[in-house]
Amino acid sequence: MKLKITPFKFDSDTVKSWQEGTNMFRLLFILIVIICIAMLQGCAVPRGKEVFLADGARGYNIYCGGSGLNYSNCLEKAGDICGTRGYHLVNQQGEIVPFSIAVREFAPNSQSTTIGYVTQSGSTVTRNLLVKCK
């Protein structure tokens, strides 16, 4: 039995299908990155950092940003840190920060013969509490 090896030829259909596959891979990669970021935000836990206040007293800056957390998570963390002594709420702040991503397509796709951009936009939420234990 003889094995016959034929050379691979690059015709326009082969190149076109390879380019479409590459574009699909890029879009899939972007989608996976966005999903991972969303999962990391949703699985986040509040964290507290020890700081010193203007009067020299010890306080805690508690961060509980992301779409999976809210201010009640910050307050629970403050209760965990200060325990039965309780705490005073010194400052509370938060904001919604918009973001956008644009990724250049390196080859024309099947719908268009021009090279364009794939864009994605959204927002992330930041929340901080500054507490002082009693």
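Some ground rules. The model is predicted, so local features need pLDDT of at least 70, side-chain atom pairs count only at pLDDT 80 or more, and totals for chains, interfaces and linings use all residues. Residues are numbered from 1 along each chain as its sequence is written, and side-chain values use heavy atoms, with hydrogens and water left out.

Start with the fold. We have 2 helices and 4 strands. The order from the N terminus is α-β-β-α-β-β. Helices (H or I, at least four residues) and strands (E, at least two) are DSSP runs, numbered from the N terminus.

Now the overall numbers. The protein has 134 residues, and 17% of them count as buried. Buried is under 20% relative accessible area, exposed is over 50%, and partly exposed sits in between (1.4 Å probe, protein chains only). Areas come from the Shrake-Rupley method with a 1.4 Å probe; for residues, only the protein chains shown count as cover.

Contacts next. A contact means heavy atoms within 4.5 Å. Take the contacts with a separation of 6 or more: 63% of them are between residues 24 or more positions apart.

On to the cysteines. How many disulfides are there? The count is 2, where a disulfide is a pair of cysteine sulfur atoms within 2.5 Å. Counting bonded cysteines along the chain, the pattern is 1-2, 3-4.

The pair Cys-64 and Cys-74 has an S to S distance of 1.5 Å. This link is left-handed, with -90° about the S-S bond. Cys-64 sits in the loop between strand S2 (58-63) and helix H2 (71-82), and Cys-74 sits in helix H2, so the bond ties together parts 10 residues apart in sequence. Both Cys-64 and Cys-74 are buried.

The other pair is Cys-82 and Cys-133, S to S 1.9 Å. It is left-handed too, at -75° about the S-S bond. Here Cys-82 is in helix H2 and Cys-133 is in strand S4 (residues 117-133), so this pair ties together parts 51 residues apart in sequence. Cys-82 is buried at 3% relative accessible area. Cys-133 is buried at 14%. Not counting residues up to four places away in sequence, Cys-82 touches Tyr-87 and Cys-133.

Where do these cysteines end up? In the largest nonpolar core, which has 10 residues, including Cys-64, Cys-74, Cys-82 and Cys-133. Tyr-60, Leu-129 and Val-131 are also among its members. S2, H2 and S4 each give two or more residues to this core. A nonpolar core is a set of buried Ala, Val, Leu, Ile, Met, Phe, Trp, Tyr and Cys residues joined through side-chain atoms within 4.5 Å.

Look at Val-90 now. It lies in strand S3 (residues 87-104). Val-90 is partly exposed, at 44%. Beyond four places in sequence, Val-90 contacts Leu-53, Leu-130, Val-131 and Lys-132. Val-90 and Tyr-60 are 30 residues apart in sequence and 9.6 Å apart in space, C-alpha to C-alpha.

Last, the surface. Phe-25, Phe-29, Val-33 and Ile-37 form a nonpolar patch with about 400 Å² of accessible area together. Such a patch joins nonpolar side chains (Val, Leu, Ile, Met, Phe, Trp, Tyr) within 5 Å, from residues with over 30% relative accessible area and no salt bridge. A salt bridge is a side-chain nitrogen of Lys or Arg within 4 Å of a carboxyl oxygen of Asp or Glu. Ile-37 is in helix H1 (residues 12-42). It is partly exposed, at 43%.

Notes
Patches are made of residues with over 30% relative accessible area and no salt bridge: like charges are joined within 9 Å, nonpolar side chains (Val, Leu, Ile, Met, Phe, Trp, Tyr) within 5 Å.
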